[in-house]
Amino acid sequence: LDQFLLDKRLRMINCCNELNAAYAADGYARARGVGVLVVTFTVGGLSAINAVAGARSDNLPLIVISGGPNSNDFGSERVLHHTIGIPNFNQQLECFKQVCC
């Protein structure tokens, strides 16, 4: 994210939560041709998934960039805060596969 902020051609638009941010990206895609959404791992992504699915149903180009678990957590079998309570880090990916191309 820090690298994105250094690029003066990009404009960050802040929203109060991930679902609102996803709907804002949907609206931006409608107005400008493509929208981008940046969310946190699992809790942020799962919060935004309804709006992402809506964008897909309208064939809108929407790019979702999500954080991920710390690389030290892979293979640890830890249950991380703000996940669905299982030590499987593919849970968000599996959900998004259902609503993304």
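Ground rules first. Residues are numbered from 1 along each chain as its sequence is written, and side-chain values use heavy atoms, with hydrogens and water left out. Because the model is predicted, local features need pLDDT of at least 70 and side-chain atom pairs pLDDT 80 or more, while totals for chains, interfaces and linings use all residues.

Now the overall picture. The protein has 4 helices and 2 strands. From the N terminus, the order is α-α-β-α-β-α. Helices here are DSSP runs of H or I, at least four residues; strands are runs of E, at least two; both are numbered from the N terminus. Of the 101 residues, 28% are buried. Buried means under 20% relative accessible area, with a 1.4 Å probe and protein chains only.

On to α2. This helix covers residues 18–32, so 15 residues. From first C-alpha to last, α2 reaches 20 Å, close to the expected 21 Å. That expected span is 1.5 Å times one less than the number of residues.

After the helix comes Gly33, with a positive phi near 110°.

Which residues of α2 are buried? Ala21, Ala22, Ala25, Asp26 and Ala29. They cover an arc of only 145° around the axis, so they lie on the same side of α2. The arc is taken from the directions from the helix axis to the C-beta atoms. These buried residues pack against β1 (35–39), α3 (43–57) and β2 (62–66). Contact here means heavy atoms within 4.5 Å.

Technical notes: Buried means under 20% relative accessible area, exposed over 50%, partly exposed in between (1.4 Å probe, protein chains only).
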